[in-house]
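Colleague: I would like to learn how to read a model of this kind, feature by feature. Could we begin with a pair of strands and work outwards from there?

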Amino acid sequence: MKRVLKLQCYSIYLTLLVLLTSSRLVAQYSPYFENYSLSEYNAGNQNWDVSRADNGKVYVANNKGLLEYDGLKWNFYELPNKTTLRSVMAIDNRVYTGSYEEFGFWKSDDKGDLIYESLSDKIKDSISKNEEIWQIVPYKNLIVFRSFLNIYIYDKDKDTIKKKKPQSVVISCSVADGKFYISTLKGGTYILENEELIPVINEAVLIDAKIISITPYDGKLLITTSLRGCFVYDQTGLKPVNFEINDIIKQHQLNSFSMLEDGRMVFGTIKDGVYLTNREGDVIFHVNKENGLVNNTVLSQYLDVDNTLWIGLDNGLASVDLSSHNYFFNDVSGKLGAVYDVINFEDTIYIGSNTGLFYLDDKNKLQFIKGTQGQVWDLKEVNGELFCGHNDGTFLVKNKNVELISVNTGGYVIKKAPEKNNVFIQGTYTGLVRFRKNGPNWSVKHLGETTMPIRFLVFEDQTTAWAAHAYKGLYKIKFDHKFDTIVSIKNYEDKGIWSNYNIRVLKIKNDICFKTNSGWQKYEPLLDSIVPFKLLNESLGKDAYVVSEPDVNKLVLKNDNDIITFKSFVNNDHTFSLSNDVFDNRLIVGFENVSKISDSTYALNLNDGFMLIDSRVHKEKTVFKPSIDRIEISNNPLNFSSNADIINLKFGEEIDIHMSSPKSVNHFFEYALLNLDAKKWYKLENHKLTLSNLKDGEYSIGLRTVNSFGKVSPTTKLDINILPPWYKNKIGYALYTFIACIVFFIMYALHKRKIDKEQKLLQNAFEREQEELIREKTIENEKNIIELRNESLKNEIKLKSKQLANTAMALVKKNETLLEIKNELTQNKNNFDNFYSYKKLLKKVDNSIAHKDEWEIFEYNFNQVHDEFFKSLIQKYPELTPKDLKICAYIKMNLSTKEIAPLMNISPRGVETHRYRLKKKLKLENDISLTTYLLNFK
């Protein structure tokens with residue numbers, strides 16, 4: 001099986017080599033690699049050694065200490081003496097490191113922290129002064145620590161350390177064919193056998209040569225040196241090998257070496273990055289600063305089991321995916337710009353970008369074609385010739401030069417007319433242009449009718465095409481049979497299209513399909529309308545759109561997560577996806593394009609380059625179950641074992657769960673509360689899950705790893721128990737009982753007090769009721785007495801009124817009699833002999849009529865009856881005269897004018913006159929009777 005895989009790999013490499021270049025050097029191309037800058041890992045700039053543990057974590061010997069990387073986050077650890085680490089090797093559950101006069105190992109404690117344990121302390125007196133450990137090599141059950149002066153052999157089983165000192169400076173240690181080789185500068189090479197150093201290789205050509213490694217190679221030993229190239233060694237002796245890489249590593253100084261299982265070799269240099277060769281030493285790829293590597297000085301390298309090459313640099317760190325069969329052309333100079341199309345024409349790669357048209361020469365160096373500066377939209381092979389749709393028109397590309405054949409600007413797309421071998425229609429900034437081949441020449445004609453920019457164009461039949469405006473609109477266009485004119489243009493804006501913006505038109509298995517902002521639709525000829533296309537919406541996705549030429553067997557799609565998918569309609573096994581992490585946000589958004597370079601190779605356009613994709617070989621990235629590295633309870637680390645049944649937390653405590661999945665790629669984490677809703681998963685933004693404010697009770701937490709393609713790992717479960725709060729435990733219940741007793745006692749006391757109070761209130765109420773009854777009875781009696789008194793007073797008043805009336809009437813009669821006497825005296829005055837006697841008698845009569853004492857008696861009796869009538873009347877009308885008051889009193893007694901006249905000793909007419917004047921003084925209206933007013937006056 002391994003042999004079959006190796007043969008497949010060789011086949012792929014040969015295909016790429018033939019495709020990309022006629023020479024063996026394809027240095028401008030590189031596999032996918034990722035840089036890690038100092039700002040990311042936040043430590044020293046120099047990384048002296050790299051190792052990857054079995055669990056997938058990467059460990060780096062850095063200037064300032066030990067770096068740990070789990071695929072998402074970096075952790076940093078310092079030695080107690082804070083010296084520079086020169087070497088690192090992760091074996092089993094330990095991470096061995098070497099430093100200045102110090103070596104030992106790191107191991108995780110129960111809290112998840114790496115704790116350092118020194119081994120050199122056991123032989124402290126044997127450590128040479130100013131000695132540094134530059135290499136750590138595992139061999140059987142031994143760990144060998146190498147400095148330039150000595151090697152220290154640590155036996156893990158016996159926990160013992162032995163020191164060996166070769167006769168010369170120790171340059172490197174290697175394990176090959178089960179043997180441990182120790183290479184020195186002047187003393188040759190030894191093997192370690194039974195803890196003894198036995199000389200094996202002592203060739204003159206290797207004296208003073210810095211041997212980098214000794215590696216098995218075709219039944220021999222491959223010896224790589226820093227400046228003298230590569231050699232093979234067997235029983236016949238040492239021979240140089242004729243590798244192409246030899247001259248390169250002699251020039252740029254080899255510093256590290258690795259060999260893959262398939263025979264490919266990796267050479268890390270001091271001056272020019274990393275070279276990847278085949279087993280014959282021919283350069284396949286070169287990764288250096290020119291094509292994006294952060295630094296050219298390779299201090300160390302480590303090849304893990306997944307064929308990922310980890311490179312420690314003089315300023316930074318990088319990883320190279322050597323298992324991938326997708327390769328990049330990167331232009332870090334910036335002159336290429338954004339690439340819009342790539343084509344392989346006559347064994348030459350042409351690249352169209354926003355800065356012009358380029359090609360790759362025999363050494364895969366970028367060359368600009370003069371006269372093409374500006375935007376290139378489309379590269380298309382037309383009848384064996386290369387068309388270049390350009391911002392300035394359309395060029396014909398011949399022998400790496402161009403000829404302008406159309407001045408119609410902006411050649412977006414060009415399509416062959418059905419059943420017309422020599423007719424092509426192009427969509428441009430200003431509408432549709434026809435190209436017709438007449439012998440060796442091309443005739444060009446703008447078809448008029450429309451001047452709108454047309455970016456997408458497909459033919460429905462021989463004379464009907466669908467065109468999409470570059471920004472807004474969809475049109476159905478009919479041509480005449482000779483394609484000399486446009487017969488009709490029909491706008492399909494009101495024919496069911498979901499969105500009129502950013503429409504893409506394709507022909508997939510004879511269906512005219514439309515990708516809109518809202519999803520996929522298709523043209524229904526019977527209805528002459530655009531209807532939803534359920535099949536594509538479900539199989540491709542509403543957000544995905546095609547970024548390749550429509551092929552009935554395979555489409556290339558891009559979705560809203562920037563994932564590029566090769567979708568096969570024939571065989572699902574040939575469907576695969578590329579994550580955006582691979583091309584590092586370099587897509588030309590809205591103008592993504594995948595060009596077919598060969599039968600199985602495609603080119604994806606990118607900013608500052610393009611990516612070559614081999615569609616035959618694709619390895620799905622596995623996502624691995626997350627491991628729990630550390631648990632913190634309210635920021636305090638917890639002694640945690642993965643075998644623990646359950647974790648108990650106090651109520652209100654916060655739990656932080658740190659997790660990792662170092663073997664996974666392009667991944668993130670999700671969690672779910674399995675006992676509440678096992679189907680609802682929540683995405684974590686980083687490697688840590690924080691849970692707080694949980695109710696008391698048991699929770700089963702599920703943790704899983706998910707990659708950018710939606711692939712899910714098995715679930716890691718963690719059970720936690722939130723203990724009840726203090727008010728729900730025994731202390732709380734005891735407190736509740738105590739409080740309940742106090743409350744009961746208080747309530748009993750209050751209740752008893754309330755009953756006593758109510759009884760007292762009832763007694764007081766009864767007493768008050770009795771008093772009230774007595775008071776009411778007394779009041780009733782007093783009321784009866786008052787009524788009787790009032791009745792007596794009323795009777796008295798009635799009596800007085802009668803007496804007053806009688807008195808008044810008596811006065812009236814008296815005065816009337818006196819007036820009659822007066823009249824008679826007046827009539828008979830002549831009968832009196834003595835006129836003086838007559839006058840005297842008449843005066844007595846007048847005095848009797850207006851007797852003052854009689855009026856005072858009358859006024860007193862009147863006030864007794866009418867309750868100070870005069871006082872109230874004078875208070876309201878102070879201008880009234882005594883005469884006015886008298887007449888008011890007589891009117892109050894309801895005496896008539898005739899009855900009043902004798903009392904006033906005036907005539908009835910005089911009484912009327914006085915009544916009139918009195919009404920004026922009282923300011924009564926004409927309609928108000930004086931008698932009524934005075935009778936009611938109080």
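**Reading strands, rings and turns**

Modeller: Let us start with strand 19 and strand 20 (residues 220-225), which pair in the antiparallel sense over 6 bridges. Across this pairing, Ile214 has Ile223 in strand 20 as its bridge partner. The two strands form a hairpin with 2 residues between them, and in the turn Asp218 has a positive phi of about 50 degrees. Bear in mind throughout that this is a predicted model.

Colleague: How many residues of strand 19 (residues 211-217) are buried?

Modeller: Strand 19 is mostly covered, since 6 of its 7 residues are buried.

Colleague: What should I look at first when I want to know how far to trust the coordinates?

Modeller: Where pLDDT is low, the predicted coordinates should not be read in detail. For this chain the mean pLDDT is 87, and 92% of the residues reach 70 or more. Residues 1-27 stay under 50 in pLDDT, and for this stretch the model has 42 contacts beyond four places in sequence.

Colleague: How should I read aromatic rings, and how many aromatic pairs does the count give?

Modeller: The reading rests on the distance between ring centres and the angle between ring planes, with planes under 30 degrees apart taken as stacked and those over 60 as edge-to-face. The count comes to 45 aromatic pairs. The rings of Tyr36 and Trp310 have planes at 20 degrees and centres 6.1 Å apart, so this pair is stacked. The pair links distant parts of the chain, with Tyr36 in strand 2 (residues 33-36) and Trp310 in strand 28 (residues 308-313), 274 residues apart. Tyr36 counts as buried at 3% relative accessibility, and Trp310 counts as buried at 5%.

Colleague: Which geometry do Phe424 and Trp442 show, stacked or edge-to-face?

Modeller: Phe424 and Trp442 form an edge-to-face pair, with 65 degrees between the planes and 6.0 Å centre to centre. Because Phe424 lies in strand 40 (residues 423-428) and Trp442 in strand 42 (residues 441-446), the pair ties together parts that are 18 residues apart in sequence. Phe424 is buried at 6% relative accessibility, and Trp442 is buried with a relative accessible area of 12%.

Colleague: Which residues do ring pairs link into a cluster, and where does Arg94 lie?

Modeller: Ring pairs link Tyr96, Phe103, Phe105, Phe145, Tyr152 and Tyr154 into a cluster. Arg94 lies over the face of Phe105, 3.9 Å from the ring centre. Elsewhere, the charged end of Lys683 sits over the ring of Phe668, at 4.4 Å from its centre.

Colleague: How do I read a positive phi, and is Asn194 buried or exposed?

Modeller: One asks which residue carries the value and where that residue is placed. Asn194, a residue other than glycine, has a positive phi near 55 degrees, and its place is the loop between strand 17 (189-193) and strand 18 (196-201). Asn194 is exposed, with a relative accessible area of 70%. Asp347 is not a glycine either, yet has a positive phi of about 60 degrees; Asp347 lies in the loop between strand 31 (339-345) and strand 32 (348-353) and counts as exposed at 72% relative accessibility.

Colleague: Why is helix 11 (residues 897-904) described as largely enclosed by the rest of the structure?

Modeller: Helix 11 is described in this way because 6 of its 8 residues are buried, namely Thr897, Ile900, Ala901, Pro902, Leu903 and Met904. The helix is followed by Asn905, whose phi is positive, near 60 degrees.

Methods:
Residues numbered from 1 in each chain as written. Predicted model: local features only at pLDDT ≥ 70, side-chain atom pairs only at ≥ 80, totals over all residues. Heavy atoms only, no water. Phe/Tyr/Trp six-rings, centres within 6.5 Å; stacked < 30°, edge-to-face > 60°. Helix = DSSP H or I, 4+ residues; strand = E, 2+ residues; numbered from the N terminus. Buried < 20%, exposed > 50% of the residue type's maximum accessible area, 1.4 Å probe, protein only. Lys NZ or Arg CZ within 6 Å of the ring centre and 35° of its normal. pLDDT = per-residue confidence, 0-100. Contact = heavy atoms within 4.5 Å. Pairing = 2+ DSSP bridges.
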